[in-house]
Amino acid sequence: AHTGWRKLESEWVYLHGDGAVGERGAVAGVKTKLPPHLSLFVLPVPPSDPREAVRASLAILGLAPERLTAPGLAAAYRAALGETDFSLHIAGASGVFKSEFAALLQRHYGRGFDREHLPMSWGSTANANEGVGFAAKDALMVIDDFVPLGSAADRQRQNREADRLLRAQGNRQGRNRMNADLSLREGRAPRCLFVSTGEEIPSGLSLAARLLILDVAKSDIDKVKLTACQHEGAAGLYSEAMSAYLKWLAPRLERVRALAAERKSDLREAERQGGEHPRTPGI
């Protein structure tokens with residue numbers, strides 16, 4: 001009932017809405033039942049020759065300045081490695097194509113996703129988003145349209161709910177609850193990598209330190225290239241690239257995870273510029 005990596009006997013496989021991908025491709029005999037919000041999370045059989053799909057995915061880098069596209073595309077593939085302690089937030093005014101850009105990233109996990117069919121929305125209840133974030137293990141999940149509206153109290157509530165979800169991601173902790181018999185029920189921390197979009201940035205200095213904020217200006221995203229990317233995503237090339245990546249990753253998952261952890265400290269020190277929050281270089 002979730003996506004992501006599971007070890008079946010001695011083999012790592014990656015679960016999705018139509019079964020699983022392993023080192024030999026599609027895995028027979030695996031059935032999944034995902035929450036309705038993840039119904040489009042379906043990966044194809046890994047292509048025997050993934051070069052066209054990989055080139056299409058990499059072409060996203062040319063869609064806009066690399067300060068936007070490089071971390072965005074990296075997040076799509078980083079999410080599949082497993083646990084993260086940060087989220088991305090794509091911020092910009094209405095009409096700058098931030099949701100369209102986020103949908104291209106989401107399409108790496110299912111060709112059916114687009115701007116009008118994203119898995120999560122800030123308009124959903126906090127509990128619903130928490131449940132989807134828990135089920136979407138080892139995956140990128142777009143949570144769209146953070147635009148606090150209404151009275152001051154309404155805006156505070158919406159910022160509070162965003163803080164709760166993104167802070168849970170950043171801290172790798174869910175909210176513990178009490179059962180009816182007063183026994184403790186462990187919280188369900190998000191197990192995905194959130195890519196949030198919105199006209200505003202969720203408030204809170206310590207929350208912002210758990211986000212990589214990508215500011216999109218009106219002229220940043222090339223509309224002609226966006227249309228081309230949308231066609232390639234709809235054709236399934238992005239999800240083919242992801243499926244091929246997962247097939248490659250399955251027999252070496254533990255080794256790649258260890259390598260990433262080993263290199264992170266060195267990379268983090270090289271990224272320090274002074275003046276930023278201590279968590280930002282790690283992101």
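Q: Is Asp-138 buried or exposed?
A: Asp-138 counts as buried, because its relative accessibility is 3%. Buried means under 20% relative accessible area, exposed means over 50%, and partly exposed is in between, using a 1.4 Å probe and protein chains only.

Q: What kind of model is this?
A: This is a predicted model, where local features need pLDDT of at least 70 and side-chain atom pairs count only at pLDDT 80 or more, while totals for chains, interfaces and linings use all residues. Residues are numbered from 1 along each chain as its sequence is written, and side-chain values use heavy atoms, with hydrogens and water left out.

Q: OK, back to Asp-138. Where does it lie?
A: Asp-138 is in the loop between α4 and β7 (140-146). Helices (H or I, at least four residues) and strands (E, at least two) are DSSP runs, numbered from the N terminus.

Q: What's phi for Asp-138?
A: Phi of Asp-138 is near 55°, which is a positive value in a residue other than glycine. Asp-145 also has a positive phi, near 75°.

Q: And where is Asp-145, and is it buried or partly exposed?
A: Asp-145 lies in strand β7. With 45% relative accessibility, Asp-145 counts as partly exposed.

Q: How many residues of helix α4 are buried?
A: Seven of the ten residues in α4 (residues 126-135) are buried, so the helix is largely enclosed by the rest of the structure. Among the buried ones are Ala-126, Asn-129 and Val-132.

Q: At what angle do α4 and α5 cross?
A: Roughly 20°, and the axes of α4 and helix α5 (residues 152-171) come within 10 Å. Axes are lines fitted to C-alpha atoms, for helices over the stretch in contact, and angles run from 0 to 180 degrees between N-to-C directions. That makes α4 and α5 roughly parallel to each other. Under 35 degrees counts as roughly parallel, over 145 as roughly antiparallel, 65 to 115 as roughly perpendicular, and the rest as oblique.

Q: Which residues make that contact?
A: Ala-126, Asn-127, Asn-129 and Glu-130 of α4 meet Glu-161, Arg-164 and Leu-165 of α5. Contact means heavy atoms within 4.5 Å.

Q: What about α1 and α8, what's their angle?
A: Helix α1 (residues 51-58) and helix α8 (residues 237-249) pack at about 110°, with axes 8 Å apart. They are therefore roughly perpendicular to each other. From α1, the contact residues include Ala-53 and Val-54, and from α8 they include Leu-237 and Tyr-238.

Q: New topic: where is Ala-64, and which residues is it in contact with?
A: Ala-64 sits in the loop between α1 and α2 (66-78). Leaving aside neighbours within four places in sequence, Ala-64 is in contact with Thr-69, Asp-220 and Ile-221. Ala-64 counts as buried, at 12% relative accessibility.

Q: And Ser-87, where is that found?
A: Ser-87 is in strand β5 (residues 87-91). Its relative accessibility is 0%, so Ser-87 counts as buried. Not counting residues up to four places away in sequence, Ser-87 touches several residues, including Leu-166, Phe-194 and Arg-210.
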